[in-house]
Amino acid sequence: MPATWCDAHHVVPWANGGRSDLSNYALLCPRHHTWVHEHGLTATITAHGVIWHLR
């Protein structure tokens with residue numbers, strides 16, 4: 001999916017002090033962005049990409 005169609009998801013939530021910059025964003029399509037929030041996934045950003053964790 002093109003980046004322009006994606007949502008920027010805060011890996012560390014803004015409400016928890018997460019920064020609003022590229023080092024704290026993961027691009028997700030709107031459907032998966034909603035799914036991540038509904039299922040409480042967390043993530044870690046590495047040099048190779050984003051690793052998603054189920055709680």
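A disulfide is taken here as a pair of cysteine sulfur atoms within 2.5 Å. In this predicted model, the sulfur of Cys29 finds its closest cysteine sulfur in Cys6, at 6.8 Å, and is therefore too far away for a bond. The disulfide count is accordingly zero. Cys29 is also a buried residue, with a relative accessible area of 17%.

A look at Asn24 comes next. This residue sits in the loop that runs between strand 1 (7-10) and strand 2 (25-28). Asn24 counts as buried because its relative accessible area is 6%, under the 20% cut-off. A polar atom of the Asn24 side chain lies 2.8 Å from the backbone nitrogen of Val12. Beyond the neighbours within four places in sequence, the contacts of Asn24 are His9, His10, Val11, Val12, Gly18, Arg19 and Ile45.

Turning to open space, the largest pocket holds about 180 Å³. Strand 1, helix 1 (30-38) and strand 3 (42-46) are the elements that each give two or more residues to its lining. The lining residues are His9, His10, Val11, Pro13, Val36, His37, Gly40, Leu41, Thr42, Ala43, Trp52 and Arg55. By class, the lining comprises six nonpolar residues, five polar residues and one charged residue.

Key: Residues numbered from 1 in each chain as written. Predicted model: local features only at pLDDT ≥ 70, side-chain atom pairs only at ≥ 80, totals over all residues. Heavy atoms only, no water. Helix = DSSP H or I, 4+ residues; strand = E, 2+ residues; numbered from the N terminus. Buried < 20%, exposed > 50% of the residue type's maximum accessible area, 1.4 Å probe, protein only. Polar contact = N/O pair within 3.5 Å; in protein donor to acceptor, adjacent residues only side chain to side chain. Contact = heavy atoms within 4.5 Å. 1 Å grid on protein atoms, 1.4 Å probe; cavity = no way out; pocket = protein on both sides within 12 Å on 5 of 7 lines; lining within 4 Å. Points joined across faces, edges and corners; volume = space filled by probe spheres on them. Nonpolar A, V, L, I, M, F, W, Y, C, P; charged D, E, K, R; others polar.
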